[in-house]
Amino acid sequence: MKSSQVPFKEDPEQIEFAKNILISLRDPVVVINEEGMILAATRKMYEVFETPPVTLEGMSLLSLLKDKKECSRIPELLETLRTSEEAIKDFPVLLSSASLKRHRFSINANRLPLYNQKVCFLVCFTEVHILPDENIDYRKLLHEVLSEAPALICTLRGKDHIFELANHKYQDLLEFREIIGKSVKEVLPEVENQGFIKMLDGVYNTGKAFIGKEISLDLKGENGGKTVLLDFVYQPIKDAAGNVEGIFVHAIDVTEKVLNRQSLENSEKELRNVIDTVPVIIWITNPMGEGSYLNKEWFQYTGQTRKESLGAGWLEALHPEDRDGLYKKFLEAHREQKEYQAKFRLRNKNGSYRWVVDRGRPKWTSEGEFEGLIGTVTDVHDDYLKEQVIKENEHRIRSIVEQATVATAVYTGREMTIELANDAMIDLWGKTREVVGKSLREALPELEGQPFHDLLDKVFTTGETYWGKEDRVDLMRNGSLETGYYNFTYKPLRNEEGEIIGILNMGLNVTEMVESKTLLKERERHFKLMADLMPGKVINTDASGKPIFFNQNWYDFVGLDFEQLKEYSWENFIHPSEENEVRKKWNHSLKTGKTFEMQLRLRDKDGNYLWHLSRNEAVKGENGEITMWIGISTEIQRLKEEEKRKEDFLKMVSHELKTPVTSIKGYVQLLLNLLEKYKLEIPGNVPLKPSLERIDNQIVRLTRLIAEILDLSRLEENKLELKEEVFDLNEMVEQTIQDIKLTNTQHQMEIFHSHRARVFADKDRIGQVLINFITNAIKYSPDSQYIQIHVIKVGSDKVAVSVRDKGIGIDAKFHKNIFKRFYRIGVESKETYSGFGIGLYLANEIIERHNGYIEVKSKIGEGSDFSFVLLENKHENE
Ligand code: ADP
């Protein structure tokens, strides 16, 4: 043993005693005094604690062990030894040797009473040997495990919570402060008022573990400190006896997790707020299609409560008709985990249904698992209705176009794509439906070189409608280029913004009209040409009689041009004697549409009046309305003069003839009377009597002829006088027929008095008319001898005498003319029907002067019916 550097002042006796005790011991054993000073130590002590070769005597055991990083429990042990009388058994300690090798010792100690009232203590370190299979350095292992552990781990020893152990992570948290062997309070003064010490005390005192969740720990540090959130367990460490000797601290830094979660929570909250504030309905479902979330907007929109919307309750807000279909689709989207879109009517809180669009998309977890759908519901009611209206309008326009009888087509875009074309248009083009969808250039290549592409482009760029009037269009129809004329429009079509998007084309084929117009013009030209070539004077007036055309002859005759003649009025050229009659007749014609016909004198440019026959005939339209008048005046000056000469001659002849004929008639009568009286026989069978009678008959005819010619001239000179009286018409007819029968025995004449009447008239003149009718009936019936004479009632106050024969008849076209002076129908042999053509003229004049009229009913080959109608005289005294 070597003496220590510090003189050991212990009682040598004691030391000796101690040494003696230890002498035979092999274990590490020391004897210490009450102050803990080593009095003696076995060799083993030196080996175990690897102290330098200095004596241990006089050293404090505590400092020895402390130097060797002894565990903190030694002072506790010494204290127990000092204060208690009892020995200490198997007090477990873990000590480090000088080479820091850990030794598990079980300490046994007991009190050694000394003679001088003093005590010393024997402290025996028995090394607890680890079983061969347990021959692992648990401490190291633990240390390593703990160091590797992701958790913050430390052990605290004793009531002051002295750090016994701390893993790397824990030390890292504390920025590698010196902690082992120090108390919590020492190491972490800042946590004192954060409650941790209290918690540790609690565990230590109660022996119950404490679990802290997300507890924040504020640490001071060189760079200003930090706050960490910890999940931790304070687990009491108990000795074999169950006493708490320390606390095992296991903590996990959840700062990041909590912050993440918080920020997630915050962002989720924020999202929800956003979702709730957006004016769109948002919904989220689970994989089964059950509603898991509906934002505020849903409830605001539908007026549903959260409870009502739960599960499939939201379906209640749908229009009943849309509900089932939609739900099926909705579930199908969930089943197939696919996108979904639907349009349906959703009831809003006012109870009215509005169209909405619902769109959903599948939601996946980060692991790719289907979580359900998330979707939005947007109100598209107004747009939808607008769309419907547009669709409907479009449909309507389409059907209007399709059904229109007018050829209609719609072109879109500047390239003029045929968007629409009805059958009438397709037909007009001479194409098939295949042209729809093509450009106009493509569909109707024949338009190339014609002005239409340029016109369309102009309409498209300027927006001005083009009106085509009788425009010529050449179209390829039935394999050949056909020329047609069309009235059509190119009208720009605009969108809502007013931009031109296309052109509406409507067309009407007016080819026929154009052609007939051209024809009409051509005809008009021909008419004028013809009219100019005609020898007469042609005038064309409108329906009211206003002149629109005169032919050249008129201009030549009056020496005026159209304007002058129009201004001057053709009536100014009429002889004053005829003027009134012309005006009267012309007005009558204008009013009734009846043909105007008159002989009149017109003044030529030299002031000479020349006779003309003027005829104005109305030209009538399809419905019988007068459209114009065409008048022709033919000069008959020479004819007139000829007639005059004829008349004069006849007058002169009849005057001259009258006297000799009368005397011949007188002598014939005398001779006949003599024959009768003396019954004279003429020798040689000479038929004297029949000859005389024939002479007498011929003289009657001759006398009538002369009378007629004289009447004619009387008429001309307006000297025909009527000797009117009331007489019995039936009687007069009877007598006249009797007279005729005297000279005509061949013809059978029958009278039918179906009415009896008296008339106020010139009896001889009426008889003259009847004789004329009957002589004509006889004359123009060479093959029939039967003549009927009827007296019949006409209307309420007129009477007619009609003479009917079965003779040659008269063509209707001559019915009017036969009453004209000297008019005779040309027959094959004039010899057969001799005459002058004045009989009916006179008859007509006579009847008209009696305010009556003559009627003719006759057909060629079937006979004639001539009748005169007179007013009946019902008052005897008149
Ligand atoms: P006229 O007998 O002397 O020729 P009228 O004035 O009596 O002259 O008759 C005019 C014409 O009318 C005749 O030339 C004749 O062609 C036609 N006519 C008159 N009466 C008859 C009749 N009963 N049947 C056929 N033709 C008739």
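1. Isoleucine 282 sits opposite threonine 376 of strand β15 in this predicted model. Four bridges join β11 to β15 (residues 370-379). The two strands run antiparallel.

2. β11 and β12 form a hairpin, with five residues between them. Glycine 289 lies in the turn and has a positive phi of about 90 degrees.

3. Is β11 enclosed or open? Five of the five residues of β11 (residues 281-285) are buried, so the strand is largely enclosed by the rest of the structure. In a regular strand, side chains alternate between the two faces of the sheet. Both faces of β11 are covered. Ile281, Trp283 and Thr285 are buried on one side, and Ile282 and Ile284 on the other.

4. The disulfide count is zero, with a cut-off of 2.5 Å between cysteine sulfur atoms. Cysteine 120 is in no disulfide; its nearest cysteine sulfur belongs to cysteine 124, 14 Å away. Cysteine 124 is likewise in no disulfide, and the nearest cysteine sulfur to it is that of cysteine 120. Cysteine 120 counts as buried, at 1% relative accessibility. Cysteine 124 is buried too, with a relative accessible area of 17%.

5. Look also at the surface. Tyr667, Leu670, Leu671, Leu674 and Tyr678 form a nonpolar patch there. Together they have about 530 Å² of accessible area. Leucine 671 belongs to helix α21 (residues 637-678). Its relative accessible area is 44%, so leucine 671 is partly exposed.

Definitions and conventions. Residues are numbered from 1 along each chain as its sequence is written. This is a predicted model: local features need pLDDT of at least 70, side-chain atom pairs count only at pLDDT 80 or more; totals for chains, interfaces and linings use all residues. Side-chain values use heavy atoms; hydrogens and water are left out. Buried means under 20% relative accessible area, exposed over 50%, partly exposed in between (1.4 Å probe, protein chains only). Patches are made of residues with over 30% relative accessible area and no salt bridge: like charges are joined within 9 Å, nonpolar side chains (Val, Leu, Ile, Met, Phe, Trp, Tyr) within 5 Å. Accessible areas come from the Shrake-Rupley method with a 1.4 Å probe; for residues, only the protein chains shown count as cover. A salt bridge is a side-chain nitrogen of Lys or Arg within 4 Å of a carboxyl oxygen of Asp or Glu. Two strands pair if DSSP finds at least two bridges between them.
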